[in-house]
Amino acid sequence: MDLRYNLVILDFHGTMTENILRTIKSYHEAAIKLWGASPFDKEYYQRVLTRPAQSGGSGISHKEWLQKQFAWKNNDEFDRFMESFKETMSSIYMPVPGMQRTCTDLISMGVELAILTDGSDIKEIKTQLNTWRLGYLFPRLYSSHRTGIKKPNPDTIGFILFYWTLKNRELKSQKTIH
């Protein structure tokens, strides 16, 4: 079979995982822990998920947006909420339906896989991939924090391709030597 691509680079959060449901569940769990009930309703989740994003310096961060939405009793209450929210976010990952099968199919066709994330949580991602029994499929995980270039800047992809090409050249030269 003649392959058109030798390498597929995937994003983890929101591409391989269902990020919206994870965010909603994390809000809910944090509210239950802090207040015993969740004040968040369908309209709130619609607002949080469609808020102005912080892209290119415009919009506001998730944390700033949340602070403005509620009359927090004090900073300690807000900090406790955010700590619980982050704890739940880092413990819940839901694979996008069909993602696991797609990845194993690509590998069986000879396509190599890599992950590029804007997150700094490479260990967390490796742990989750191993939980899904997919860790062996992704020998290369890249964080834009390490590349110094955030997505969607195409230079992040160029960075990965540069090192992937170098690795393949080294492997080919080792094969010709032996």
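Guide: Two strands pair if DSSP finds at least two bridges between them, where strands (E, at least two residues) and helices (H or I, at least four residues) are DSSP runs numbered from the N terminus. This is a predicted model, in which local features need pLDDT of at least 70 and side-chain atom pairs count only at pLDDT 80 or more, while totals for chains, interfaces and linings use all residues. Residues are numbered from 1 along each chain as its sequence is written, and side-chain values use heavy atoms, with hydrogens and water left out.

Visitor: In which sense do strand S1 and S2 pair?

Guide: Strand S1 covers residues 7-10 and strand S2 covers residues 112-117. Ile9 stands opposite Ala114 in S2. Over four bridges, the sense in which S1 and S2 pair is parallel.

Visitor: Which residue in S3 does Thr117 stand opposite?

Guide: S2 also pairs with strand S3 (residues 140-143), in the parallel sense and over four bridges. Within this pairing, the residue in S3 that stands opposite Thr117 is Ser143.

Visitor: What angle lies between the ring planes of Trp35 and Phe81?

Guide: Rings of Phe, Tyr and Trp (its six-membered ring) pair if their centres lie within 6.5 Å, and planes under 30 degrees apart count as stacked, over 60 as edge-to-face and the rest as tilted. A search of the whole structure finds five aromatic pairs. In one of them, Trp35 and Phe81 have ring centres 5.7 Å apart, and the pair is stacked because the angle between the planes is 25°.

Visitor: Is Phe81 buried or exposed?

Guide: Buried means under 20% relative accessible area and exposed over 50%, with partly exposed in between (1.4 Å probe, protein chains only). Trp35, at 32% relative accessibility, counts as partly exposed. Phe81 has a relative accessible area of 0%, and therefore counts as buried.
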